[in-house]
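Thanks for coming, everyone. Let me put the structure up, and then I'll walk you through it.

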There are 2 protein chains.
Amino acid sequence: MKTITMDLTNALAEAVGANGIDAGELATTLANISDYYARLLAKPFAFMTLPETKFQFDEMWTLADKAAAMDIKNLVILGIGGSSLGTQTIFEALLHPLHNMEERFRNGKPRYFILDNIDPHKMAAIVETIIPDIDRTFLVVISKSGETPETISQFMLFNELMRRSPGYQQRIVLITDREKGLLNRIAEKEGYPTLNLPDGVGGRFSVLTPVGLFPSALMGLDIKRLSAGAAGMAAHTVRYDGEENMAFVLAAILYLMDRAGKKIHVVMPYCERLGGFADWFRQLEAESLGKKGLGPTPTKSMGVTDQHSQLQLYVEGPKDKCVILFYSATQEVPIPASFDYLEDVQYLANKDMKSLFHAEFQGTRLSLTEAQTPNISLILDEVSDYNLGALFYLFEMVTAIMGHLLSVNAFDQPGVEQGKIYTKAMMGKKGLEKEKEHTEALLLRRAKTIVF
Amino acid sequence: MKTITMDLTNALAEAVGANGIDAGELATTLANISDYYARLLAKPFAFMTLPETKFQFDEMWTLADKAAAMDIKNLVILGIGGSSLGTQTIFEALLHPLHNMEERFRNGKPRYFILDNIDPHKMAAIVETIIPDIDRTFLVVISKSGETPETISQFMLFNELMRRSPGYQQRIVLITDREKGLLNRIAEKEGYPTLNLPDGVGGRFSVLTPVGLFPSALMGLDIKRLSAGAAGMAAHTVRYDGEENMAFVLAAILYLMDRAGKKIHVVMPYCERLGGFADWFRQLEAESLGKKGLGPTPTKSMGVTDQHSQLQLYVEGPKDKCVILFYSATQEVPIPASFDYLEDVQYLANKDMKSLFHAEFQGTRLSLTEAQTPNISLILDEVSDYNLGALFYLFEMVTAIMGHLLSVNAFDQPGVEQGKIYTKAMMGKKGLEKEKEHTEALLLRRAKTIVF
C-alpha cells in the first residue's frame, strides 16, 4: 500500500544549506527516539491503544442506529477545543464541501452545527436557524471534565429549548469522563444516554474516541475505516525503525527545526478538505508542547490561496520557519478553451485545474527550497477515512515524541487554568470571591487608552 | 464619538516587565513617525487618498442598480489574495453569519461564492451548486494584472458556463488595472463592463476601491459608510500626533515588539465576524513587510475558541509573541436557569452569553498579562460598516509606517515571482521553456521519502 508519502528532501542541509537538518544530528535524534519508543511500548500512552481497543464502538453504533431512524434535520454539537476540533476535521475532510448549503449534497443526512464558540451574535444566529426544527434536532454535548463554562452555558440554553419538544430525551447524548463530572450527574437525573472518554485520554488526543467518532457515526461515516487507518499507522510505527519510520523522522525534524530557531511551524495543506486537520494539529502541538518557555508556534496557511498572502514572508522573511505542506487532489475539472484571441492565456486551455493545482504546489516547494526555507511534504493518494485516521495517529505520535525530546509533559495544560478561574470569578461563581476581587483590582488599574 | 478604543496598557513595561515597551523607546519611535508622517502628507501613498476621492463610486452604483433589477441568485467572485480578502472581510463582518444557508437570512440578496482557491474538489462542488441557476448568476472577475493564472483559468471555465445563458454579458463585470492587462482586452472583445483600481493602489491596499466595494454594493451594503469610516480614521491620523494618534502608537508598538524578538503577531478577535479581518491583516502585514530577512509573522486565533487551543502556548511558551485582541459584542443571548439540582453551574443561570463572552475576554487579557505576554486590545462599540472602514484605514496606515521603520518597501512582493514563473513554466507557457527544464531537473533530484 502507498497511501501517504512523506518527502523530506527539502528539509535537509543538502537542499537548504545551513537552514536544513544535518545528517548526523538527525541520526542521533532518531537513535534517541528509538530507545524512547522501545520503553514506551512497554507502557504505552492511552491514545496509542485506541485503534486496537475500539472503545465503545458497539455503544456508538446502537445509539447511531436509533438516531438514523429518527429523521433528524439538525445535528448540534456543543464542545470546544479537543471536544470539537476532531469532529470538525472529519466533517471538513469527508463530507461534501457545501453539505450545509444544499439538501441534494447531504444524501438525507442532517445539517451540522459545531458550537465551538459563545460569540453571542453567532449563537443567536444558530439558535434562530434551529428553532423551527427543534423537534428534529439531535444534540451531542461533549466535555471531558463536564465543567467547561462555554459548553455548560450552551447546554443550559439548548436543554431548555429541546424540552419543548416531545421525545427530546432520545435526541440528547452526553460524552464525558467515565466517572467524574457534572455531565454524568445530569445524565442520571434527566435520563440522557452517555458515551465516554477512556481513562487517560485527554481532549486533544480524543478524536478516535466517541468524542470524534460518535458525531461521525451519526453522519453515517465509517468509523471502522478511520480506526483502521490509525491502526495501520500504529503498525507502521512498530514495524519500522529509524529513517524508515515516518513518525520518528517527522518528530525528529520538527524538534531539530525548533531547536535551531525555526520555531514557527507553518501547516500548509494544498487541499481545502484538510483545513480542519491543520486546525486540529495546531491545537495538538500548541497545547501539548507550549510550556516551560518552550514549544513551536503552529500557524495555518492554505495552498494555493496563501501563496498570495503569506508566501512572500516565507520566502524572503526571517528564517524562523519550517513549512509542512500537504497535497491531495483526485477530482478533475477541465479548463475549456476560451478567449482564443489571447495568445497569453492559451497555455491554460484544455488543461485541468488539477494539473494547475499540482503545478502551484510544486512551484511553491521549489521556490521555498531555492530561498533556503526548509519544507516537508505529505502527499496523500486520496482524502479518505483511512488516510485521515492514519494522519491523526501519526501526528499524535509525533507530538508525544516531541514532548519527550523537549522534556515537557505533553498531556497537561497548566497555563490555561488561571484564565478559567478568572472567568468563573467574574461570572460570580461561589468560592471565588477572592479571585473576583483580584480581577476587579486588576481591571481598575489606570488604563492607557486611545479613543477613535 | 467613541467607536473604537485601543487599550495599550498591557503592552507597556509597567504591566509586563522586560517583555513590554519601554516609555523612552516609545517616545523616540513616535517622534520618528511624526517626522515621517509630516513628509508623507506632502506626497501621500495612493491608498491614503481613497476615502476622499471615492473612486468610481458612481460607476459602481450604476452597475449595482442594474444588477439589483435582475433577480440574481448567485454572486460568484473570482479573485485571490488582495482581490478576495477585502470582500471576504466585509461579507463576514456585515452579512448574517448563516447568509448562504437559509433564504430567510438573505433578505432577497444572492448567495455568494468567493473563489479564492483552485482546489479542484472545491471548484467542482461550487460549479455543481451554481449550474442549475447559471442564468441567475452574476460574475465578478478581479485581477489587477489580469494575468493571475488561478483567476484566469477560473474565468475561462465560468465564461464558457455563462455563455450558455441569455443576456450573460450583462451579468459579468471585470475589475482590473486601468490600462494594462488581459482583462481589458477581454472586456473590449466580449463587451463586458469594467471597473478599475486607481493608479498606485496595490491589491492588498485595495479594499476601499471597486475591488472590495463593488461586491459590497451588489450585496446592498453601504459603501459610503465604509468609506466614511476610513475618512474618519484618516482625519484622526492627521489631527492627532504622538501618543494620541492610534495609528502611530500601534505601528510603534508592533515595530518595537518585532525588534525585541516578539516576531509573532497573534491577531485574536473576540468576535467571529472579525475573523475575516484577521485574515485580511495577515496578508497585509506578511506580504508588505516580509522581505530582506525581516518582517513579523502574523497568525490568527479566535476568541474564545482558541483559549482551548493556543492560549497555553501564549501563556507558557516562548516570549516571542505580541497578542492583538479585538472585542465586540452587542447581541444578548440569555442563559436560562437549568439543572437546578447542580449548585456548581448556577453561577451561569440567568446570566447572558454576552457577559460570559466578555468575562472570557477579560480573563484572557489578565492571564496573558500576568504571564508577561504583551497584549493590546481594540474594543469596538459595534461591528458596523463605519468601524470596519476605520479599521481598514488604520491597519493600512500602520503597515505603511512599519515599512518605513523597518526600511522595507511595503508595496512590492518580489518573493512570490519565482514561484509564479515555475507554475506557468510547468503548465507549458510559451517563452518559459528554459524554466520548464530547470523545474524538471529540480523535481527529478533524488528525493528522500518515506512511504506509508
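**A strand, an axis and a shared surface**

Start in chain B. Strand S4, helix H7 (residues 149–162) and strand S5 make a right-handed β-α-β unit there. Keep in mind that this is a predicted model.

B:Thr137, B:Leu139 and B:Val141 point one way. B:Phe138, B:Val140 and B:Ile142 point the other way, and all are buried. As background, side chains in a regular strand alternate between the two faces of the sheet.

Which strands flank it in the pairing? S2(B), residues 74–78, is joined to S4(B) by 5 bridges, and the two run parallel. One pair to find on screen: B:Ile77 has B:Val140 as its bridge partner. S5(B), residues 172–177, also pairs with S4(B) in the parallel sense, over 4 bridges. There, B:Leu139 stands opposite B:Ile172.

Now the two chains together.

Next, the contact. How many residues does it take? It takes 130 residues from chain B and 130 residues from chain A. On the chain B side, helix H14 (residues 353–370) gives the largest share, 13 residues. By type, that side of chain B divides into 59 nonpolar, 40 polar and 31 charged residues. And 100% of the interface residues of chain B are also interface residues in chain A, so the copies meet through the same surface.

Strands cross the boundary too. S1 of chain A, residues 4–7, is joined to S11 of chain B, residues 449–451, by 3 bridges. These two run antiparallel. A:Asp7 stands opposite B:Thr449.

H14 of chain B comes back at another spot. Look at H6 of chain A, residues 120–130. Its buried residues include A:Pro120, A:Met123, A:Ala125 and A:Ile130. What covers them? The cover includes strands S2, S3 and S4 of chain A, together with H14 of chain B.

On to the core. The largest nonpolar core has 298 residues. Which members touch the most others? They are A:Ala251, A:Ile253, B:Ala251 and B:Ile253. Take B:Ala251. Leaving out residues up to four places away in sequence, it touches B:Ile33, B:Val398, B:Ile401, B:Met402 and B:Leu405. In soluble globular proteins, nonpolar side chains tend to be buried together.

Last stop, A:Pro269. It sits in strand S7 of chain A, residues 264–270. Why does A:Pro269 count as buried? Because 25 other C-beta atoms lie within 10 Å of its own, and the cut-off is 20 or more. Beyond its neighbours within four places in sequence, its contacts include A:Leu274, A:Phe277, A:Met302 and A:Phe326. A:Leu378 is 109 residues away from A:Pro269 in sequence, yet 8.9 Å away in space, C-alpha to C-alpha.

That's the tour. Over to you.

Key:
Residues numbered from 1 in each chain as written. Chains lettered and ligands numbered in written order. Predicted model: local features only at pLDDT ≥ 70, side-chain atom pairs only at ≥ 80, totals over all residues. Buried ≥ 20, exposed ≤ 12 C-beta atoms within 10 Å, placed from the backbone. Pairing = 2+ DSSP bridges. Right-handed = clockwise from strand over helix to strand, strands pointing away. Contact = placed C-beta atoms within 7 Å. Core = buried A, V, L, I, M, F, W, Y, C linked by C-beta atoms within 7 Å. Nonpolar A, V, L, I, M, F, W, Y, C, P; charged D, E, K, R; others polar.
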